[in-house]
Amino acid sequence: MPSPALLSVDLNALARNYHTLGALTGVPVHPVVKADAYGLGAEACATRLMAEGARTFFVARTDEGAALRTALGDAPVIYVLDGCHNGAAGVLKAAGLRPVLNQPAQMKAWTEAGGGACGIQIDTGLNRLGFRPEDAPEAFDGVGLVMSHLACADEPDQPMNRRQRDRFAGVTERYPGVTRSFANSGGCFLGQDYAFDAVRPGVCLYGGGPQARQDDRIAPVATLTAEVLQVRDVSAGDSIGYSRGFVAERPMRAAVVAAGYADGVLRAYGALGEVWVAGQTRPLLGRISMDVCTVDVTGLDVAAGDRVELFGANRALDAAAAAAGTISYELLTAITARVPRAYVGT
Ligand SMILES: *Cc1c(COP(=O)(O)O)cnc(C)c1O
């Protein structure tokens, strides 16, 4: 029985995006597989990326790193972006993870735990994690990576990009021979001088465009489909769903689809949302509820058991995100555990 709502993940497309980013930048791609590979499944995605040649991965949390270590074995390098925070040293050590140290207290904690291989993060303007350039520590034993993160990588014309890049280039002179990593997905598209020694893309691996819209160079990876549970005729004047969120002005046919906000189909999607059904893009009608949403299928040959696509190969992830007033990252990571992940292309 196919699942009512299903997130299908095309691992061949993931592999293509990985190689596209490598060819574009000319440097090794270190995939970011935090947040369960943006909801697509870190184990399956990282295993495939490793088979394609990836040797270094990034996660955000220590426990994400520990789970990835179990999944991938001893070979790959795994960096934890949270760093060595709040008693994490024991788990980092036990799982052979490398913290990305971001402040003096973390340096101290890591050193006290015996030190060892790690990265350091320089904050070049995002004002999130990392040492300010003027506070960056001297090179020390164990540091194998120096990195920074762009604030506006999805806006190629934003002068901040160049400023951050130049600041980063300046600081890295303090760390001769240490791998330099600067670009996320958007950064991979800013030009060769943003690539440094290794890039750290996330969303473009998973099919999101580098500039919050679809990009032909990036293949769709994730497709969210859901089953039509019931098709009903609606008369003029009838309302659909909670709070009479939609009122029909003419007779219509409406398909009730097994995808709601408990599956991660954001309720904010209601007003502008569209889905792909029977070869067409059709609007959602009324409110998205916990378990279902409703689609206008007037004039279409649609029956219970058919499937609709909320985003994927036919309906661009970035367009779906824009309709929900958000970005591809949030749309992907919002898909809940209720939705099984199915892998194609293994
Ligand atoms: C999440 C993250 C990335 C990946 O960003 P994308 O925009 O998804 O490519 C890279 N570096 C850091 C520090 C991050 O937090």
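This is a predicted model: local features need pLDDT of at least 70, side-chain atom pairs count only at pLDDT 80 or more; totals for chains, interfaces and linings use all residues.
Tutor: Residues are numbered from 1 along each chain as its sequence is written, and side-chain values use heavy atoms, with hydrogens and water left out.

Student: Which residues make up domain 1 and domain 2?

Tutor: Domain 1 covers 11–194 and domain 2 covers 222–344; such bounds come from an automatic or database domain assignment. Their centres, taken over C-alpha atoms, are 36 Å apart.

Student: How many residues of domain 1 are in contact with domain 2?

Tutor: Eight residues of domain 1 are in contact with seven residues of domain 2. Contact means heavy atoms within 4.5 Å.

Student: Why is H3 called oblique to H4?

Tutor: The axes of helix H3 (residues 42–51) and helix H4 (residues 62–72) come within 10 Å and cross at roughly 55 degrees. Angles under 35 degrees count as roughly parallel, over 145 as roughly antiparallel, 65 to 115 as roughly perpendicular and the rest as oblique. H3 is therefore oblique to H4.

Student: What is the handedness of the crossing of H3 and H4?

Tutor: The crossing of H3 and H4 is right-handed. A crossing is right-handed if the near helix is turned clockwise from the far one by less than a right angle, and left-handed if anticlockwise.

Student: What makes H1 and H3 oblique to each other?

Tutor: Helix H1 (residues 11–25) and H3 pack at an angle of about 50 degrees, with axes 10 Å apart. By the cut-offs for angles, H1 and H3 are therefore oblique. H1 also passes H3 in a right-handed crossing.

Student: Which residues of H1 and H3 meet?

Tutor: Leu11, Asn12, Leu14, Ala15 and Tyr18 in H1 meet Ala44, Cys45, Arg48 and Leu49 in H3. By class, this contact has seven nonpolar, one polar and one charged residues. Ala, Val, Leu, Ile, Met, Phe, Trp, Tyr, Cys and Pro count as nonpolar, Asp, Glu, Lys and Arg as charged, and the others, Gly among them, as polar.

Note on methods. Axes are lines fitted to C-alpha atoms, for helices over the stretch in contact, and angles run from 0 to 180 degrees between N-to-C directions. Helices (H or I, at least four residues) and strands (E, at least two) are DSSP runs, numbered from the N terminus.
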